[in-house]
Amino acid sequence: MDFLQNLCKKILSIVAHTALTITGAFTMLLSLGGFLSGQLIGGGIVLLLGFVMTAIGTRSLWYPGYKEKQAEKKQLQNIKSTSLESNTAQPVTDFAQDSYQKAVSDFNALNGIIRQLQDQELAEQLKKMQGIALRMINYMKEHPDKITIADQFINYYQDRALSLSEQFLEFEQMGISTPEVSAIKIKTKHTLESFDEAYEAQFSRMLTDKMLEVESELKVAQQIMSDAGIQNTSEPHRAASRQEAAQQPSATTSAVQFSRRMLTDKILEVESELKQIMSDAGIQNTSEPHRAASRQEAAQQPSATTSAGRELPDITLENNPFSIDRPFDIGEPADDYSCRSRQKKHRRPRGRFQK
């Protein structure tokens, strides 16, 4: 449905412009009769009316080109060189004035080269660079104290751009298309492709103080609104606040973590002092955790006897005097073994664990 509507609009527009063009041309022809009959005023009015109708009818043919030329003319507008006026108590230095004059001169010279270039790709790139340079030069004019920061832009980037563009234009005007010349032209275009990024970086350096000043003013304004109980409820502000809160821990969490660290350090310090005191007094810690730790340490480390390389003897039933399976001693009947008690004269079997 939309396609049909657009098609109908285009057809009606073409028909209307064609009708206006034909009517305007016919009206201008009629004005000749007025001139020939001596009616100069009437003929002039009819001629003007026909010209307007023809211009409106043929607008789609000539207006796009006219608009493009006007935009190009506005974009490539030269800058008038003027004397700088300081907006601070300090006067404008000769260095700043000379640097500004060079920036304006190179800018205007580069505009002249762009108008003569036949390579449209390079011309568009240079126009983009000139747009950034125009803003920088206007900023220099308003803030002469920032010209020293733009010294690299003035004396290197813009100067190199002008020199490379002049060489490229010379090769074009020579009309030589050898492989060597073509390679040089391609390298020149490739080099200038990234100059707009360098221009922007230099402009950003000039605006550093301004951005810091604005950021400081924003923080003061937000603090005043926060003290007054006013919160920014816009969605971008809430999203930025949530992101900042996610990246930075809260004050409560930070305080708790700090308290835990302080408490842990204090506990370790007290424990170290207690160990030192017990060690100086020759007291061993017999608490269950300490014993368990000692047993674990002893299990992990070999004994002194083993570490010295001594071998333990093999224990058998014959040389083990503490075997639980040891039978009664031979030659000593159980009934003849007297009890240790001197008062009772009874006899009892000898125990298995007694010698």
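Reader: Where does helix 6 bend, and by about how many degrees?

Author: Helix 6 bends at D159 by about 30 degrees, the bend being the angle between axes fitted to the seven residues ending there and the seven starting there. This is a predicted model, in which local features need pLDDT of at least 70 and side-chain atom pairs count only at pLDDT 80 or more, while totals for chains, interfaces and linings use all residues. Residues are numbered from 1 along each chain as its sequence is written, and side-chain values use heavy atoms, without hydrogens and water.

Reader: What makes the 34 Å reach of helix 6 close to the expected one?

Author: The expected span is 1.5 Å times one less than the number of residues. Helix 6 (residues 151-174) has 24 residues, and from first C-alpha to last it reaches 34 Å, close to the 34 Å expected.

Reader: Why are helix 6 and helix 7 called roughly antiparallel?

Author: Their packing angle is about 150 degrees, with the axes 10 Å apart. Angles over 145 degrees count as roughly antiparallel, under 35 as roughly parallel, 65 to 115 as roughly perpendicular and the rest as oblique; helix 6 and helix 7 are therefore roughly antiparallel. Residues making the contact (heavy atoms within 4.5 Å) include A161 and F168 of helix 6 and I184 and T188 of helix 7.

Reader: Why is T54 called buried?

Author: T54, placed in helix 2 (residues 40-57), has a relative accessible area of 16%. Buried means under 20%, exposed over 50% and partly exposed in between, with a 1.4 Å probe and protein chains only; T54 is therefore buried. Leaving aside neighbours within four places in sequence, T54 is in contact with L20, T21, G24, A25 and M28.

Technical notes:
Helix = DSSP H or I, 4+ residues; strand = E, 2+ residues; numbered from the N terminus. Axes fitted to C-alpha atoms, helices over the stretch in contact; angles between N-to-C directions.
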